Amino acid sequence: MTDIASTTVRISARPETAKRDIGIKRRYAAERRFRAYGIAAISTGLFFLALLLWTVISNGYTAFQQTTITLPIEFTEKVVDPKGERATDGKVLLTANYPLLVRDALVKQLGIDASKRPQVKQATDMVSASSRTLLRDMVVADPSIIGKTVPVTLLAEANIDSAFKGQIDLKVDESKRKVKNQQVTWMNQLAEAGVLKKSFNTGIFTFGASSRPEAAGVGVAALGSFYMMLIVLVLSLPIGVAASIYLEEFAPKNRLTDLIEVNINNLAAVPSIVYGLLGLAVFINFAGMPRSAAVVGGFVLTLMTLPTIIIATRAALKAVPPSIRSAALGLGASKMQTIFHHVLPLAMPGILTGTIIGLAHALGETAPLLLIGMVAFVVDYPGSPMEPSTALPVQIYMWANEAERAFVERTSGAIIILLIFLVVMNLGAILLRRRFERRW
Amino acid sequence: MSTSLLLLLIVVIGFIAYFAGRTRSLALSGGKLSNLHSLPGYHGSYVAIWAMLPAALVLGAWLIAAPVYIDGSTRATLPDTVQSQGPAAVQLALGQVKSVAGGLLRLSGEELAALESGSANLRATLASKGVALAGEGDPYMVTVAKHFNAMTATNRWLMTAAVLLIAVAGGVYAIRNVAARFRARNQVERVILGSLIVASSIAILTTVGIVASMLSEAGRFFTMVSPLEFFFGTVWDPRFAAAGSGGASGQFGLIPLLAGTLYIAFVAMLFAVPIGLFAAIYMAEYASPRLRSTAKPLLEVLAGIPTIVYGFFALVTVGPFLRDISAQLNGLLTGDYQNFIQAQSVLTAGIVMGIMLIPFVSSLSDDIITQVPRALRDGSLGLGATRSETVKKVILPAALPGIVGALLLTASRAVGETMIVVLAAGVAARMQINPFEPMTTVTVKIVNQLTGDLEFTSPQTLVAFALGITLFVITLGLNIYALYIVRKYREQYE
C-alpha cells in the first residue's frame, strides 16, 4: 500500500520537479525522518525491554547454582553431649556447639594447625553459619548418629560462593575484598579434592528469609503468595462474574448503574498503594485481623483485582451475540436460565483470560503489601493464611535493600522465578484465548 | 462446637434439604414432570436455600455480636480498682484475663483449686502450660477468667442450638411450601438476583471504604496538625513515631513531597510520551501487519513486568550507570572525577518510570489513532499529502482529545507509582529543581511512615492517610477527566 502510493506520486512528480521546486525533496526528507523517529521509538522500547531482561538474567542465573562443601563430620559425643545427659535434658542437643564439629572436620581436611586461631577462623568462615542448624536438625532427628562419622554437604559462605563462581575480581588488593588469598588457596585445594563443588541450588526454592544470602530462599514467600492467589481467585472470580452479570444483563440503565460503571473504571486506575491504606484501616485496625497475615493480603489484592475482572467479564458477556439470548428466551428459558446455561458458558474463555491476567497483576503487586505488614522476616512456612507470611515480590523488595553482592544475585534469581510464574500465567491466558475464542 | 464444624453441619443440612425438596416435588408430580411449575431441582434448591441462608446469616451476626457482648459483660465484672484507672487499663486487664482464661482450660482440677486459694503463683502455673502472661497477673483475674470461660461456653452452646434450630426450621417450613404449582424457580431466581446485586455493590462499597477509612483517619490527623500546616507547609520533618511522644512534634508539609511527585512524574512523561507516541504512530500507520503483531505484544510485555522489577533495575543498573557516566563526563570536562548525578535521583526514577509508561502511552494512543476514520486518511493522501503530513495535520488533530485523555491516564499512573520511587528516588524531602539530586514522593512517604512497628495514635503514622487521600483525590481527578474526554471523543465517530 505504502509503496504503491509513493511510486505513483514519484512518477507524476518527476517532470514537475525539473521545472519548479515545490519542496518535494524536503517533504520526502521529512517523511523519512518521521519514519526514522517511529522506528527509533519502537527500537528504544524494545532495547529497554532487552536491557531489563538481560540485567535480571545475567545477574540472576548464577543464583540457581550453589557452592557446597562436603565434609566427613564426626559427631563426637564430647562436643554434642559433653556431660552425657541427653536422655534427661532435651535441650542439650539443641544448644550444643555444632560449629566446633565443622571446624574440626575442616581443619582435618585442610591439614592446618588447629592451634593457629586466626587461620582456623579464616577456614571456618568459608562455611555458612547455617551449618549449625543443619547439624542440629540431623542430630535431633536421629540421636543415634552421635559417635559416627557421616559425610555432610554444607553450604559455602556467600563470599566463597561468589569467588568460586568467578564473580569476585581476585586481582583487587586483598584488603579491599572479603575473600582472603589464603581462603582462595584453600578453595582451590578443596575444589581439586572434589570436596567443594557447584551444584543445582534447591535452597533458593525451599528456604525462607535469612540474613545470610546462601541460606536465603523464596520458598516461604512463594507459599505466602500462593495463599494470597488462592484467596484472590476464590473471592474475586465469583464476585466479579456475579457483579458483571448483574451490570451487563439485569441492571436498568439509570444514573445509579452509570455511577457504578464510572466507579469501577476509576477503581481500576486507583494507585495500588491506596488499597494498602484501605486494608490497613479497614481489615487490620477496624476488623482486628492479624498483621502480616496472608488473608489480609488476599483481601486487599481481591479488591484490587475485582475491577479488572469485572471489566474483562463485561466485555466477554457483551461479545456473546444477542441471537443466542433470543433463541434461549424463545424456547421458554427464563432470563436467569438463558444467562447461566447459554451466555455464561460461551463467555467463559474471555472471563478466564481476564481473571488470569488480573491474577498475574496481583502476583507482582508489592506496594499495598508493604503497608499491611508483610515486610516481615519470616523463616518458617506459614501453616495457614492466618499466620505471618510474606510474598514473593515483597521478598524481592527486602533483598533489593540488602547491600551484599550475593543478595543482588539472589534478588535477580527471585525475580527470574517471579517472571517465570508470570510468563506461564500469561501464556496460559493466550493459549486459552487462542483455543476457545469464538468469532461470531 | 467449633464454628467451622457448625458451618459444615449447615451445609450438610442444606444437602439433605435439597434432596428432600427434590424427592417431595417428584412425588407430587405423580410421575409427570409437566404437572410441576418448576423443575424438581428448583424445588430442591428452594428448600436448601431456606435451610442454609437464614442459619448462615444468624451465624454471621452472632459471631460479630457475641464477642462484643461478652467483652462488655467481662469488663463490668472487673474490680473497681481497675475500672477507676481509665479505659486503657481496663483494655489491658481484659487482654490479660483472656489469656488467663485460655490457660485455665488447660489446668487440672487441683491446680485450679490451688490457684483459687492463692497458694500457687498464677504466672508460673500458666507458664508451665505454655501460656505466657504479660505482667504478673492478679488473683481477681482467675475469678473473672472463670466468668469469661463460663460465658463463652454458654454462648457457644446457645449459638449452636439456635443456628441448628433455624436451619432445621427453615428447611421444614420450605418443604411444607413445596406443591405442584408452587413457583420454586421464581423464588430461587429472586435469591440469585439478590446475590448478584450484593456482588455488584461491593465495587461501590470499596470506594466508600476507601473514602471513609481515609477520611476518618486523616480527620484524626487533622485534629493534631492543622490542615493549613499540612497542605501549605514547606518542610517535611515528621520525626519518629516514638511511643508516648504524644502531640505533634514534627513538621508535616505536603509541598516538598508533592513537588517531588510531580517532578518525577513530569520527567517520566517527558521520557515516555515521545517514545510511546511515535511507537504508536509507526505501528498504526506504517508498520506491516507482521511487524505490528510482534512489536506490539513485545512492547506490552513492559506493562506486565511488576514494578518491583523496575525498581531493582533502577537500583542496580540505571542508577549506577548514570552516576558513573556523570563522573566520567565531569572528568573529561573539568578533570575532576566527581559524579554530578546521584545514583538515587529524580532522573533515575523518572527514566525508569518512563520505561514502564511507554506501553501505556503506546497502546492507548494506538487504539485512539486506529479509531480515526479511514476516510480522513484517504482524503488527505488523495490530495497529495505524504503519510507524515497526513499524520501530523489530519490524524493527530483528530485524535488529539483522545490522546490527551490517554496521557492524563498515564500521568495518574506515574503519580501513584510506588515501588520504583521507593527504590530509585531517595527519601530526602527537599524542594529543589536539579533533576540529578534525589527527591521524594507522596507514595514513598506513605510507605516510610507505615512500615515497622506502629502506633495508630501518633500524627507520624496518621499522616500517611492524609497523604493517601491527597493522592487519591489527585488520581481520581485525573482519571475522571481523562475518561470523560476519551468517552466524549469516542462518540464523535460512532
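In which sense, left-handed or right-handed, does α11(A) cross α14(A)? α11(A) passes α14(A) in a right-handed crossing; a crossing is right-handed if the near helix is turned clockwise from the far one by less than a right angle, and left-handed if anticlockwise.

This is a predicted model, in which local features need pLDDT of at least 70, side-chain atom pairs count only at pLDDT 80 or more, and totals for chains, interfaces and linings use all residues. Residues are numbered from 1 along each chain as its sequence is written, while chains are lettered from A and ligands numbered from 1 in the order in which they are written.

**Confidence**

The predictor's confidence in each residue is given as pLDDT, from 0 to 100. Chain A averages 85, and 95% of its residues score at least 70. Within chain A, the mean is lowest in helix α1 (residues 2-19), at 50, and highest in helix α15 (residues 322-330), at 94. Over residues 1-9 of chain A, pLDDT stays under 50, and the model has one contact for them beyond four places in sequence. A contact here means two residues whose C-beta atoms, placed from the backbone, lie within 7 Å. Where pLDDT is low, the predicted coordinates should not be read in detail.

**The sheet of chain A**

Helices (H or I, at least four residues) and strands (E, at least two) are DSSP runs, numbered from the N terminus. Two strands pair if DSSP finds at least two bridges between them. In chain A, three strands make an open antiparallel sheet in the order β2-β1-β3. Its edge strands, β2 (149-155) and β3 (196-200), each pair on one side only. From one strand to the next, the twist averages 40°. β1(A) and β2(A) are joined by seven bridges, and five bridges link β1 (residues 65-74) of chain A to β3(A). The table gives facing residues from these pairings.

| Residue | Residue opposite | Strand of the residue opposite |
|---|---|---|
| Ile69(A) | Leu196(A) | β3(A) |
| Glu74(A) | Thr149(A) | β2(A) |

**Helix packing**

Helix α5 (residues 98-110) of chain A lies across β1 and β2 of that chain, at about 95° to β1(A). Axes are lines fitted to C-alpha atoms, for helices over the stretch in contact, and angles run from 0 to 180 degrees between N-to-C directions. Helices α11 (residues 219-250) and α14 (residues 294-319) of chain A pack at about 35°, with their axes 6 Å apart. Their contact has 19 nonpolar, nine polar and four charged residues. Ala, Val, Leu, Ile, Met, Phe, Trp, Tyr, Cys and Pro count as nonpolar, Asp, Glu, Lys and Arg as charged, and the others, Gly among them, as polar.

**Ser292(A)**

Ser292(A) is in the loop between α13 (272-286) and α14 of chain A. Its phi is near 65°, a positive value in a residue other than glycine. Most residues other than glycine have a negative phi. Ser292(A) counts as buried because it has 20 C-beta neighbours inside 10 Å. The cut-offs are 20 or more other C-beta atoms within 10 Å for buried, 12 or fewer for exposed, and in between for partly exposed, with C-beta atoms placed from the backbone.

**Between the chains**

The contact between the chains takes 67 residues from chain A and 70 residues from chain B. Helix α2 (residues 24-60) of chain A gives the largest share of the chain A side, 19 residues. By class, that side has 49 nonpolar, 15 polar and three charged residues.

Ile275(B) is in helix α10 (residues 255-286) of chain B. Not counting residues up to four places away in sequence, Ile275(B) touches Ala41(A), Thr44(A), Gly45(A) and Ile358(B). With 24 C-beta neighbours inside 10 Å, Ile275(B) is buried.
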